[in-house]
Amino acid sequence: MRGKTILVVDDEPRSRTGFKRMLEEWAAGRHRVLDADSGVAALEVLKTEPVDLIISDIRMPEMSGLDLLEEAERLCLSHQPVSLLISGYAEFQYAQRALRLGAVNYLLKPVSRAKLIEAVERALEIGEDRLRAKRMEKMVDPVLLELDEQRATANEMVNRAVRYIDEHLAEPFSLADVARHIPVNPSYLSVLFKEQMNVTFSEYVTRVRMQKAKELLLSTSLPVGEIAERVGYRTAKYFIKQFKDLTGTSPGQYRAREASER
């Protein structure tokens, strides 16, 4: 897990200092711990810092911890933090509202060091899972998701063509190559594929290649030229053009943009 930023929000100096000290001792330099003495001050931090976890007291003057979470959501932050709420009162309506606002835990004071650290570790894991899911959601081509459903009703000939594409993605191949493998007339396969998958053979192959390219761009440090070869392109130049046509950005820009959001 990369270094995280944790924001402790509490209007009581002793509580705030105590939580911050416990977290800094536990983090041992792995994570950064910030603090704010009010919900208003916390919002200012959120506007300038990519915070991963908010630990906030609920009852504070000016802005409660619950109101802080609502305001943070309205900011539409590109990096939305997970949250832990702490209260000296075991009030059911607080816990209910906290959960509705996406808080991953609700702790009652006094909070022991062991309980705090356990809750923080779990909250950071949940945050990582959410980030991973968000990245996957952005990476996956929605058209391909729909086409996966189309395959369920496609006939065996089209499914054999799709399997061939998946298994030979790293190789340059044509519609004629796939038709020869099945075997079937290429013109017939072209018409049948479009009829049952609602996209042309060529568009389907391009989308599958670009999906694999996205995965390699984000999960490896391979140069763009090598990725082009691994998804079946003879030249990086043509691969870059195809990638840009489909995604609106170059492979290098895509990799840099996604890396900056992690």
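A: Let's begin with a term: buried means under 20% relative accessible area, exposed means over 50%, and partly exposed is in between (1.4 Å probe, protein chains only). Take Arg-207: its relative accessibility is 15%, so it counts as buried. One bit of background: this is a predicted model, where local features need pLDDT of at least 70, side-chain atom pairs count only at pLDDT 80 or more, and totals for chains, interfaces and linings use all residues. Residues are numbered from 1 along each chain as its sequence is written, and side-chain values use heavy atoms, with hydrogens and water left out.

Q: Where does Arg-207 lie, and which residues does Arg-207 touch?

A: Helices (H or I, at least four residues) and strands (E, at least two) are DSSP runs, numbered from the N terminus. Arg-207 belongs to helix α10, residues 201-219. Contact means heavy atoms within 4.5 Å. Not counting residues up to four places away in sequence, Arg-207 touches Asp-141, Val-143, Leu-144 and Leu-246.

Q: How many helices and strands does the protein have?

A: The count is 13 helices and 5 strands.

Q: What does the radius of gyration say about the protein?

A: That radius is taken over C-alpha atoms, and the globule rule is 2.2 Å times the number of residues to the power 0.38. For 262 residues, a compact globule would come out near 18 Å, but this protein has 25 Å. Its C-alpha trace spans about 80 × 35 × 30 Å along the principal axes.

Q: And how many of the 262 residues count as buried?

A: The share is 46%.

Q: What is a nonpolar core, and which residues have the most contacts inside the largest nonpolar core here?

A: A nonpolar core is a set of buried Ala, Val, Leu, Ile, Met, Phe, Trp, Tyr and Cys residues joined through side-chain atoms within 4.5 Å. The largest one here has 25 residues, and Leu-7, Val-9, Leu-46, Leu-68 and Leu-85 have the most contacts inside it. The elements giving two or more residues to this core are β1 (5-9), β2 (32-36), α2 (39-48), α3 (65-74) and α4 (92-100). A second, separate core has 23 residues, including Val-162, Ile-182, Val-184 and Met-197. Back to Leu-46: leaving aside neighbours within four places in sequence, its contacts include Leu-7, Val-51, Ile-54 and Leu-68.

Q: What should I look for in the peptide bonds?

A: Check the omega angle. The bond from Lys-109 to Pro-110 is cis, with omega near -5°, and Pro-110 sits in the loop between β5 (105-108) and α5 (113-139). Another cis bond runs from Ile-182 to Pro-183, with omega near -10°. Pro-183 is in the loop between α8 (175-181) and α9 (186-197).

Q: What about phi?

A: Ala-28 is not a glycine, although its phi is positive, about 50°. You'll find Ala-28 in the loop between α1 (13-27) and β2. Asn-198, another residue other than glycine, has a positive phi near 65°, and its place is the loop between α9 and α10.

Q: Is Ala-28 buried or exposed?

A: With a relative accessible area of 63%, Ala-28 is exposed. Ser-78, in the loop between α3 and β4 (82-87), has 69% relative accessibility, so Ser-78 counts as exposed.
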